[in-house]
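Dear colleague,

Please find the structure below, with its sequence. My notes on what was found in it follow directly after.

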Amino acid sequence: MRVCGCEISAQEVRLAVVHLNDAGEIEMLRLKTARLELADDTSQADLRSFQAALQEFAREHKIQTFVIKTRARKGKMAGGAVSFKIETLIQLVEGCDTRFVSPVALSNFAKKQLEAYPEKLLVYLKNAFLAGAYVLIKG
């Protein structure tokens with residue numbers, strides 16, 4: 001099963017595609033595209049273009065499940081309106097399931113169950129990788 005971990009930040013989504021290799025270890029694919037940006041959330045053309053890019057990304061990498069790291073809905077650290085639009089567009093990708101995982105669950109998973117991070121993991125992809133790995137291991 002191929003899973004795409006997602007972390008939404010401001011106007012972009014960071015993407016990390018993971019799967020279990022033949023040895024049962026988590027493996028992250030090296031991708032040309034690791035981020036998608038929504039240029040103008042008030043433009044119908046930009047929203048459709050972003051949706052099409054997500055759909056193509058899922059098809060190209062044979063994604064079965066997207067996993068989104070959740071964000072607070074209110075308060076000081078709340079996600080903005082644009083990030084919730086991005087979340088919705090991810091949920092609408094045809095042929096893919098969408099799951100959510102909390103930052104607390106990811107932190108506990110990283111401390112207690114994750115054996116190692118992939119070699120040369122870019123810092124900005126850490127949470128996206130964790131989200132994908134979490135679903136692969138926890139189910």
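Ala 116 is exposed, with a relative accessible area of 52%; here buried means under 20% relative accessible area, exposed over 50%, and partly exposed in between, computed with a 1.4 Å probe on protein chains only. This residue, Ala 116, is found in the loop between H3 and H4; helices (H or I, at least four residues) and strands (E, at least two) are DSSP runs, numbered from the N terminus. From C-alpha to C-alpha, Ala 116 and Ile 26 are 9.1 Å apart in space, although 90 residues separate them in sequence.

Before going further, please note that this is a predicted model, in which local features need pLDDT of at least 70 and side-chain atom pairs count only at pLDDT 80 or more, while totals for chains, interfaces and linings use all residues. Residues are numbered from 1 along each chain as its sequence is written, and side-chain values use heavy atoms, with hydrogens and water left out.

The largest pocket

The largest pocket holds about 310 Å³ of space. Of the 14 residues that line this pocket, Glu 25, Ile 26, Leu 114, Glu 115 and Ala 116 are the closest to its centre. Two elements, strand S3 (26-28) and H4, each give two or more residues to the lining, and S3 gives the most, with three residues.

As to terms, the search runs on a 1 Å grid over the protein atoms alone: a cavity is a set of points where a 1.4 Å probe fits but cannot get out, a pocket is an open set with protein on both sides within 12 Å along at least five of seven lines, and lining residues have an atom within 4 Å of a point. Grid points are joined across faces, edges and corners, and a volume is the space filled by probe spheres set on the points.

Helix H3

Helix H3 covers residues 103-112, and Ala 105, Leu 106 and Phe 109 are buried in it. Seen down the axis of H3, these buried residues fall within an arc of 100°, so they line one face of the helix; the arc is that of the directions from the helix axis to the C-beta atoms. An α-helix has 3.6 residues a turn, so residues three or four places apart point the same way. On the other side of H3, Val 104, Lys 111 and Lys 112 are exposed. The cover over the buried residues of H3 includes strand S5 (65-69), strand S6 (97-101) and helix H4 (126-138), where contact means heavy atoms within 4.5 Å.

Salt bridges

The whole structure contains seven salt bridges, each defined as a side-chain nitrogen of Lys or Arg within 4 Å of a carboxyl oxygen of Asp or Glu. A network of them links Glu 7, Glu 12, Arg 14, Arg 35 and Lys 69. Within this group, Arg 14 pairs with Glu 7, the closest N and O atoms being 3.6 Å apart. Glu 7 also forms a salt bridge with Lys 69, at 3.5 Å from N to O. That pair links distant parts of the chain, with Glu 7 in strand S1 (residues 3-9) and Lys 69 in strand S5, 62 residues apart. Glu 7 is buried at 12% relative accessible area, Lys 69 is buried at 16%, and Arg 14 is buried at 17%.

A further salt bridge joins Lys 85 and Asp 41 (3.1 Å, N to O). Lys 85 lies in helix H2 (residues 81-91) and Asp 41 in the loop between S4 and helix H1 (44-60), so the pair ties together parts that are 44 residues apart in sequence. Lys 85 is partly exposed, with a relative accessible area of 33%.

Two backbone angles

Most residues other than glycine have a negative phi. Lys 62, in the loop between H1 and S5, has a positive phi near 55° and is exposed at 59% relative accessibility. Lys 120, in the loop between H3 and H4, has a positive phi of about 60° and is exposed, with a relative accessible area of 71%.

With kind regards
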